[in-house]
Amino acid sequence: MRKILFFALCCVVLPAVAHPGHADASGLAAGLLHPFMGLDHVLAMVGIGMWSRRQEQPLALPLVFVAMMAIGAMAPGGFVVANSSIAASVAATGVLLAAVRLPQWGAVAVVAAFALLHGQVHGHELPGVASAAGYLLASAALLAAGLAIGKSRVTGVAIACAGFWMLA
């Protein structure tokens, strides 16, 4: 059942549009939809949710991700994260899920850094409180889906491969 849920999530994702150029969309609906519009965002968030199952406190990573993503979205406009950074976070998430067990504090630090990157991208693409509420809720849903799917080394390898493919 978990593999079916993961596969279904991947099938509903459209090609990545986590790039400037669609800022004309705004509001809660645009924010809710945005994280599902790019495979990079879906894989990173579902992967982090899955990886959180390996931690002593499984809810810590999803909560840190959403909180730090909100902080990243409020970062000053001078620092814009390249999409290659997001792709690298996808690859790293896959590697972590497939083969790495960090202590809770290390996992929190890694997830916080990834979330800042993702928040920066979302914040620049969809500025505004309503949009932010939407993408934070959608991101929480993706993290929860990953937590529900559970840990899988094979899925971690697939996510890592997808991240490296995005980098290429």
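Colleague: Of the 168 residues of the protein, what percentage count as buried?

Modeller: Good place to begin! This is a predicted model, and in it 46% of the 168 residues count as buried.

Colleague: And how many helices and strands does the secondary structure come to?

Modeller: There are 8 helices and 0 strands. Reading from the N terminus, the order of elements is α-α-α-α-α-α-α-α.

Colleague: Among contacts between residues at least 6 apart in sequence, what share joins residues at least 24 apart?

Modeller: That share is 85% here.

Colleague: Let's turn to the core. Which residues of the largest nonpolar core touch the most other members?

Modeller: The general idea is that nonpolar side chains tend to be buried together in soluble globular proteins. In this structure, the largest nonpolar core has 28 residues, and Ile 48, Trp 51, Phe 65 and Met 69 are the ones touching the most other members. At least two core residues come from each of helices H3 (39–52), H4 (60–73), H5 (83–99), H6 (104–125), H7 (129–149) and H8 (153–167). The biggest contribution is from H3, which gives 8 residues.

Colleague: Which residues does Trp 51 touch, not counting those up to four places away in sequence?

Modeller: With those set aside, Trp 51 touches Leu 61, Leu 96, Leu 97, Val 100, Leu 102, Ala 107 and Val 111.

Colleague: Is their crossing left-handed or right-handed?

Modeller: The crossing of H3 and H5 is left-handed.

Colleague: Which residues meet where H3 and H5 pack?

Modeller: H3 brings Asp 40, His 41, Leu 43, Ala 44, Gly 47, Ile 48, Met 50 and Trp 51, while H5 brings Ile 86, Val 90, Thr 93, Leu 96 and Leu 97.

Colleague: Tell me about H5 itself. What does it reach from its first C-alpha to its last?

Modeller: H5 has 17 residues and reaches 24 Å, close to the 24 Å expected at 1.5 Å a residue. Its buried residues are Ile 86, Ala 87, Ser 89, Val 90, Ala 91, Thr 93, Gly 94, Leu 96, Leu 97 and Ala 98. These buried residues pack against H3, H6 and H8.

Colleague: Why does Thr 93 count as buried?

Modeller: The test is relative accessible area, with buried meaning under 20%. Thr 93 counts as buried because its relative accessibility is 0%. This residue lies in helix H5. Beyond its neighbours within four places in sequence, Thr 93 is in contact with Leu 43, Ala 44, Gly 47, Ile 48 and Phe 114. Also, the C-alpha atoms of Thr 93 and Gly 156 are separated by 7.4 Å, although these residues are 63 apart along the chain.

Colleague: Why do Leu 39 and His 124 count as partly exposed?

Modeller: Partly exposed covers the range between buried, under 20%, and exposed, over 50%. Leu 39 has 27% relative accessibility, so it counts as partly exposed. His 124 is partly exposed because its relative accessible area is 31%. Leu 39 is found in H3, and its C-alpha is 9.5 Å from that of Val 90, 51 residues away along the chain. His 124 sits in H6, with its C-alpha 7.1 Å from that of Ala 73, which is 51 residues apart in sequence.

Note on methods. Residues numbered from 1 in each chain as written. Predicted model: local features only at pLDDT ≥ 70, side-chain atom pairs only at ≥ 80, totals over all residues. Heavy atoms only, no water. Core = buried A, V, L, I, M, F, W, Y, C linked by side-chain atoms within 4.5 Å. Buried < 20%, exposed > 50% of the residue type's maximum accessible area, 1.4 Å probe, protein only. Helix = DSSP H or I, 4+ residues; strand = E, 2+ residues; numbered from the N terminus. Contact = heavy atoms within 4.5 Å. Left-handed = near helix turned anticlockwise from the far one by under 90°. Expected span 1.5 Å × (residues − 1).
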